[in-house]
Amino acid sequence: MGGQVSSVEGIAAAQQLKSHRLDFTLIDMRDAFHHNVAALRASVQPGFAQRTFIPYAETFGDSFVQGRVERVDTDRQTVVLEGGREIRFSHLILSTGTDGPFPGKFNTVATYQSAVQAYEDFIKQVQAADSVLVVGGGSTGVEMAAEIKTEYPDKKVVLIHSKIGLADPELLPSVRQQAKEVLLEKGVELLLGQKVSHLSELQLNVTQKNTVVNTDKGHSLTTDLIICCTGLKVNAAAYAASFSGCLADNGALKVNDHLQVEGFSNIFAVGDCANVKEPKMAYHAALHAAVAVSNIANSVSGKELTSYHTGNVTMLLAMGRDDGVGQFNGLKLPRCLVTLGKSRDLLLWKSWREMEQKQP
Ligand SMILES: Cc1cc2nc3c(=O)[nH]c(=O)nc-3n(C[C@H](O)[C@H](O)[C@H](O)COP(=O)(O)OP(=O)(O)OC[C@H]3O[C@@H](n4cnc5c(N)ncnc54)[C@H](O)[C@@H]3O)c2cc1C
């Protein structure tokens, strides 16, 4: 059964395949699962990062293979890894996710110990800065600005966003407004409706005192540290060549209601790399995984396949460890509930439980 390219629903799918007693292989180019949801806390709070990486091998043993998938040979039903190793599959779940800038994402292939160290080193840059500019006011940028201001209230934090509305456009307007209010309450300065000019020429993630930054609206400011929270891109490298006929414009795989990649009955796409019209979230990724695994089990036993239906948006934003905003199934939640349910621990318990390991 399936060669699988992982993460959030990689582990969810693997655990479910295990419970269905289906033989599986979990493939990831890295040696540990990254609990991405907590990456921003790991960027500000010393000692936290070690809780955000969970080694695969301890959970999955020989069912885990570390390697970069270079291509999928659909005729030979084989996944080809860098270096030439081939893994055969009867069913395949693709979940290669998205890449984006550090610290929101950690995309380097490194041991998880060095990944943890990268976050600890980054915290030193944050600590050395008196002022920080966060670029991008989507959900990641909003959470990043809130995390810094919560952990280091004396630092000047500016959030710049090209649009007027903050956070994910699919959130209720009242939730987006509340995110803005929390940032202002915490003392984050907002520069909305403008973009940093020549962002690619500026050094990111390294403290350089009094760096001058200009915006396309003629505004100029100085800052010590620039953190970029824009530009998430679907990771299509593993499959783009083999599935060129079923790629959406952003590189995601077009899927049907059963999450089968268009034209393939035994290949599924889940998580951020599946072209489903909904916010790209771990929450949805786990729901996709359940559907894909049920459908593998159903197809093996000759049962009818189940369909995936997008529900109303559920999204919780941790605004630092002491505040949060969000909605559940389309309904706005009180801030205290989001804080209790998400912001304090960032759902780390869930991933450690899923991986059947003890949190350090
Ligand atoms: C800062 C931040 C905070 C977030 N907070 C939340 C939140 O609070 N709640 C929520 O629901 N969602 C949140 N998200 C979104 C969530 O992290 C993603 O939706 C989720 O991680 C998607 O899971 P995935 O497995 O599809 O992709 P990813 O998590 O991107 O994982 C993809 C995996 O595939 C591996 N891979 C990629 N290409 C290859 C290859 N060629 N060969 C081998 N392995 C490969 C990678 O190493 C990686 O482990 C957040 C995202 C960010 C960036």
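D73, R76 and E86 are tied together in a network of salt bridges. Keep in mind that this is a predicted model.

- Three strands line up here as an open sheet in the order β6-β7-β8, and the pairing is antiparallel.
- β6 (69–73) and β8 (86–88) are the edge strands with a single partner each, so each has one side left without a neighbour in the sheet.
- On average, neighbouring strands of this sheet are turned by 20 degrees against each other, ignoring direction.
- Strand β7 (residues 78–81) is joined to β8 by 3 bridges, and in one of these pairings T78 has R88 of β8 as its bridge partner.

**The sheet around β19, β20 and β21**
- Here too you have an open sheet of 3 strands, this time in the order β19-β20-β21, with antiparallel pairing.
- β19 and β21 (331–332) sit at the edges, and each has a single partner strand, so one side of each lacks a neighbour in the sheet.
- Strand β19 (residues 315–318) and strand β20 (residues 324–328) pair over 4 bridges, with A318 standing opposite G324.
- The two strands β19 and β20 make a hairpin with 5 residues between them, and G320 in the turn has a positive phi of about 85 degrees.
- β20 and β21 are held by 2 bridges, and Q327 stands opposite K332 of β21.

- D322 and K186 meet through their side chains in a salt bridge at 2.7 Å, N to O.
- D322 is in the loop between β19 and β20 while K186 is in helix α5 (residues 173–186), so this pair ties together parts that are 136 residues apart in sequence.
- At 45% relative accessibility D322 counts as partly exposed, whereas K186 is buried, with a relative accessible area of 19%.
- D323 takes part in a salt bridge with R335, also at 2.7 Å, N to O.
- R335 belongs to helix α7 (residues 335–343) and D323 to the loop between β19 and β20, with the two residues 12 apart.
- R335 counts as partly exposed at 22% relative accessibility, and D323 counts as buried at 10%.

- The side chains of D224 and K209 form a salt bridge at 3.5 Å, N to O.
- D224 lies in the loop between β15 (220–223) and β16 (225–228), and K209 in the loop between β13 (189–192) and β14 (211–214), 15 residues apart.
- D224 is buried, with a relative accessible area of 4%, but K209 is partly exposed at 46%.

**Helix α4**
- Helix α4 (residues 139–151) has 13 residues, which at 1.5 Å a residue should span 18 Å; its end C-alpha atoms are 18 Å apart, so the two agree.
- Of those 13 residues, 11 are buried, so α4 is largely enclosed by the rest of the structure.

**A nonpolar surface patch**
- Y283, L287 and F328 make up a nonpolar patch on the surface, together showing about 290 Å² of accessible area.
- L287 comes from helix α6 (residues 282–301) and is partly exposed, with a relative accessible area of 39%.

Conventions:
Residues are numbered from 1 along each chain as its sequence is written. This is a predicted model: local features need pLDDT of at least 70, side-chain atom pairs count only at pLDDT 80 or more; totals for chains, interfaces and linings use all residues. Side-chain values use heavy atoms; hydrogens and water are left out. Two strands pair if DSSP finds at least two bridges between them. Axes are lines fitted to C-alpha atoms, for helices over the stretch in contact, and angles run from 0 to 180 degrees between N-to-C directions. Patches are made of residues with over 30% relative accessible area and no salt bridge: like charges are joined within 9 Å, nonpolar side chains (Val, Leu, Ile, Met, Phe, Trp, Tyr) within 5 Å. Accessible areas come from the Shrake-Rupley method with a 1.4 Å probe; for residues, only the protein chains shown count as cover. A salt bridge is a side-chain nitrogen of Lys or Arg within 4 Å of a carboxyl oxygen of Asp or Glu. Buried means under 20% relative accessible area, exposed over 50%, partly exposed in between (1.4 Å probe, protein chains only). The expected span of a helix is 1.5 Å times one less than its number of residues.
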